[in-house]
Amino acid sequence: MPVTDGIVTALERNWDMVDRALQGMDHETMARRPNDSSNSVSWILWHMNRVWDALLNTWLLETPQLWIREGWHEKYGMPDDPDERGVGWTADQVANWNPPPVEVQLGYYEAVKAQASQYLASVTQDDLEKPIVIPPFTEPRSVGSAIGQRTWDNVAHGGQIAYLRGYYQGMGWYPR
């Protein structure tokens, strides 16, 4: 059994739920915010992917992020800032953000999912125990802890996407 089996199971179940929630959603629905203090499906999906992309490429693989390497920032009409993940955005910033076409959003999502799956399939117990410092934190923690945190974040954001799908269009995320 791979050492990341539990993490992979959680992520795959979440991705499956998100896939079903996004199925058939149009640009207008994905970009809609339920109120002035909430994020859209598009924004949540973008943020969810940016956080994983940064963790995988900047901190774990020490390679350029997909965001930059594959030109996703250009497709989103955004700068190539590797630190731009939506963390700390104000309500005004979220309100003024213009998501790209659905195909672009889904393309980045699929690219990040594929890379995360590939990485997690190759991780060893020693890899998970390796200490790492990820700013803004100054204390080292294990790679396994960092992956666990991102997995929790991903599942929380996946739930938000599924909830908004249900709110706007019915329970398309619900397991069949």
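Asp19 and Lys113 form a salt bridge, with their closest N and O atoms 3.0 Å apart. By salt bridge I mean a side-chain nitrogen of Lys or Arg within 4 Å of a carboxyl oxygen of Asp or Glu. Asp19 sits in helix α1 and Lys113 in helix α7 (residues 102-122), so this pair ties together parts that are 94 residues apart in sequence. Helices here are DSSP runs (H or I, at least four residues), strands are DSSP runs too (E, at least two), and both are numbered from the N terminus.

Before going on, a word on the source. This is a predicted model, in which local features need pLDDT of at least 70 and side-chain atom pairs count only at pLDDT 80 or more, while totals for chains, interfaces and linings use all residues. Residues are numbered from 1 along each chain as its sequence is written, and side-chain values use heavy atoms, with hydrogens and water left out.

Back to the pair. Is Lys113 buried or exposed? Lys113 is buried, at a relative accessible area of 10%, and Asp19 is partly exposed, at 29%. The cut-offs are under 20% relative accessible area for buried, over 50% for exposed, and partly exposed in between, with a 1.4 Å probe and protein chains only.

Lys113 also meets the side chain of Glu110 in a salt bridge, at 3.2 Å from N to O. Glu110 and Lys113 are both in helix α7, three residues apart, which is about one turn of the helix. Glu110 counts as partly exposed, with 39% relative accessibility.

How many salt bridges does the structure hold? It holds four. Another of them joins the side chains of Asp16 and Arg20, at 2.1 Å from N to O. Both residues lie in helix α1 (residues 5-22), four residues apart, again about one turn of the helix. Asp16 is partly exposed, at 39%, whereas Arg20 is buried, at 13%.

Next, the aromatic rings. A search of the whole structure finds 12 aromatic pairs. One of them is Tyr76 with Trp97: the ring centres are 6.5 Å apart and the planes stand at 25 degrees, so the pair is stacked. Rings of Phe, Tyr and Trp (its six-membered ring) pair if their centres lie within 6.5 Å; planes under 30 degrees apart count as stacked, over 60 as edge-to-face and the rest as tilted. Tyr76 is in helix α5 (residues 72-76) and Trp97 in the loop between α6 (91-96) and α7, so the pair ties together parts 21 residues apart in sequence. Tyr76 is buried, at 5% relative accessibility, and Trp97 is buried too, at 10%.

Ring pairs link Trp43, Trp46, Trp67, Trp72, Tyr76, Trp89, Trp97 and Tyr108 into a cluster. Over the face of Trp72 lies Lys75, at 4.0 Å from the ring centre. A charge sits over a ring if NZ of Lys or CZ of Arg is within 6 Å of the ring centre and within 35 degrees of the ring normal.

Now the largest pocket. About 300 Å³ of space lies in it. On a 1 Å grid over the protein atoms alone, with a 1.4 Å probe, a pocket is an open set of points with protein on both sides within 12 Å along at least five of seven lines, and lining residues have an atom within 4 Å of a point. Points are joined across faces, edges and corners, and the volume is the space filled by probe spheres set on them.

Which residues lie nearest the centre of the largest pocket? Of the 16 lining residues, these are Val51, Arg85, Val87, Pro136 and Arg150. Helices α3 (41-60) and α9 (143-169) each supply at least two residues of the lining, and the largest share, five residues, comes from α3.

Pro136 comes up again in the backbone. A cis peptide bond joins Pro135 and Pro136, with omega about 15 degrees. Pro136 is placed in the loop between β1 (131-132) and β2 (141-142). Glu62, in the loop between α3 and α4 (66-69), has a phi near 55 degrees, a positive value in a residue other than glycine. Most residues other than glycine have a negative phi, and most peptide bonds are trans. Glu62 counts as exposed, at 64% relative accessibility.
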